[in-house]
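These are my notebook entries on a single chain. I set down what I looked up, entry by entry.

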Amino acid sequence: MSNVSDLLAKLVQIESINPNLSPKGSGEAAIAAYVAKFCEGEGIELKLQPVSEGRSNVLAWVSGTDPDKRVLFESHLDTVPAEGWQRYPFAAERAGRRMYGRGTCDTKSSLAAMLHALVAIKKEKPRATIFVAGTVDEEYQKIGARALVQSGIGFEAAVAGEPTSLEVVVAHKGSVRWWIETIGRAAHSSKPELGLNAIAGIAHVIPELVRLGDELRTRYEHSLVGSPSLTISLIQGGSDICTVPARCEIFLDRRLVPQETPTGAIEEVEKILADLREKHRDLQVRSVLPAVEDPPLEDATGSRIAEVAAEACRSIAGTGATFHGAPWGTDASQLQLTGAKCIVLGPGAAAQAHTIDEYVDLDEVEKATEIYLRMMQNY
Ligand SMILES: [Zn+2]
């Protein structure tokens with residue numbers, strides 16, 4: 001068996017940019033095939049799970065002695081694009097104990113470490129059945145993780161491999177994103193009284209949403225992830241400079257903290273829109289649904305997977321002294337919908353993700369392999 005750095009280099013050399021983020025992105029087919037070949041070569045059972053045209057999750061497993069215990073180690077196969085790099089992003093170039101390349105940190109090092117740990121646990125007959133999944137599309141709409149959840153395999157616990165500097169993240173924010181539109185009536189702007197101005201309509205809506213955003217930041221502070229928020233992140237409307245605009249749209253990015261739900265967040269905005277319709281009789285405003293929903297990762301402090309992870313991190317890497325929260329999201333949002341207690345844990349620094357000249361520390365990748373193996377042994 002090759003060492004984990006060699007496997008990581010192979011994975012980085014296979015460009016797997018999410019095609020939804022760049023027309024040049026090749027997607028996950030080649031890397032999924034490589035992972036499948038690697039597992040076959042090690043005599044590990046696996047299956048490819050088609051998710052959409054040309055895009056498949058790969059799921060490999062080692063059966064345990066207790067048929068009811070199933071633990072998932074998951075890492076996404078796609079990466080963000082690599083524009084403006086000084087280095088060639090797919091060379092997996094090494095400099096000392098660093099490896100540079102798109103996906104080194106986010107998240108091919110987690111995937112390489114999980115696969116190596118799976119190969120090692122196969123010789124030991126673990127108690128739990130250990131699954132390693134490589135999923136598609138984490139960087140866009142998480143359709144891979146959603147498909148894995150919908151496939152109906154139940155997991156007692158799951159680990160999303162993302163760069164956490166080998167710390168245990170037990171909670172993170174979620175998000176819900178959607179459009180709101182106002183409908184007006186076009187007219188020549190020399191006779192605006194014949195029209196209904198959709199931009200003027202949205203001008204009634206924006207101050208109320210800004211007020212909600214301000215209020216959310218002081219409403220509640222979660223001890224690990226901070227406060228909820230609401231950002232109006234895009235606006236578009238109007239057709240030309242001499243026409244009363246018939247349509248205007250704003251895009252909302254609502255970040256959720258544990259205990260909040262996407263539905264609850266949408267309903268709160270719907271109530272504001274209903275009040276505005278009462279107040280301004282000619283205002284035609286509506287939410288454009290469905291929204292893109294990712295629930296927050298509910299706090300897994302106290303769960304067995306969090307305890308097992310913390311113990312492994314402490315003894316192998318000297319990390320894991322406290323549990324952490326994160327403002328960003330991961331596939332764990334979806335994986336917890338299987339009923340699994342989920343944590344996020346992996347090599348590499350979150351600050352390296354999505355950067356130009358992204359790199360990972362190879363010592364951390366080796367420690368991650370040992371940590372995952374210890375968790376597979378002890379769960
Ligand atoms: Zn990422």
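**Entry 1: the four-stranded sheet**

I began with an open sheet of 4 strands, whose order is β10-β11-β9-β12 with antiparallel pairing; two strands count as paired if DSSP finds at least two bridges between them. Helices (H or I, at least four residues) and strands (E, at least two) are DSSP runs, numbered from the N terminus. I noted β10 (229-237) and β12 (285-294) as the edge strands, each pairing on one side only. The twist averages 20° from one strand to the next.

The model is predicted: local features need pLDDT of at least 70, side-chain atom pairs count only at pLDDT 80 or more, and totals for chains, interfaces and linings use all residues. Residues are numbered from 1 along each chain as its sequence is written.

I then looked up the pairing of β10 with β11 (residues 247-256): the two run antiparallel and are joined by 8 bridges. Serine 229 has arginine 255 in β11 as its bridge partner. Helix α5 (residues 198-219) packs on this sheet and touches β9 (174-183), β10, β11 and β12, its direction making about 165° with that of β10. Here angles run from 0 to 180 degrees between N-to-C directions, and axes are lines fitted to C-alpha atoms, for helices over the stretch in contact. Contact requires C-beta atoms, placed from the backbone, to lie within 7 Å. Helix α6 (residues 262-279) lies across β9, β11 and β12, and runs at about 170° to β12.

**Entry 2: the three-stranded sheet**

I next examined an open sheet of 3 strands in the order β4-β5-β15, with antiparallel pairing. β4 (94-95) and β15 (359-361) stand at the edges with a single partner strand each, so one side of each has no neighbour in the sheet. β4 pairs with β5 (residues 98-100) in the antiparallel sense over 2 bridges. I found arginine 94 opposite methionine 99 in β5. Helix α3 (residues 104-122) packs on the sheet, touching β5 and β15, and its direction makes about 45° with that of β15.

**Entry 3: strand β3**

Is β3 (residues 70-76) mostly covered or mostly open? I found 7 of its 7 residues buried, that is, with 20 or more other C-beta atoms within 10 Å of their own, the C-beta atoms being placed from the backbone. Arg70, Leu72, Glu74 and His76 point one way, while Val71, Phe73 and Ser75 point the other way. β3 pairs in the parallel sense with β6 (residues 129-135) over 7 bridges, and serine 75 stands opposite glycine 134 in β6. β3 also pairs in the parallel sense with β7 (residues 157-160), over 4 bridges; there the partner of glutamate 74 is alanine 160.

I looked up how α7 packs against α9 (residues 362-378): the angle is about 140° and the axes are 9 Å apart. α7 is therefore oblique to α9, since angles under 35 degrees count as roughly parallel, over 145 as roughly antiparallel, 65 to 115 as roughly perpendicular and the rest as oblique. The residues that meet include Ala309 and Cys313 in α7 and Ile371 and Met375 in α9.

Glycine 320 sits in the loop between α7 (304-317) and β13 (324-326). I recorded glycine 320 as buried, because 22 other C-beta atoms lie within 10 Å. Leaving aside neighbours within four places in sequence, its contacts are Glu167, Val168, Ala309, Ala310, Cys313 and Arg314.

Definitions and conventions. Buried ≥ 20, exposed ≤ 12 C-beta atoms within 10 Å, placed from the backbone. Contact = placed C-beta atoms within 7 Å.
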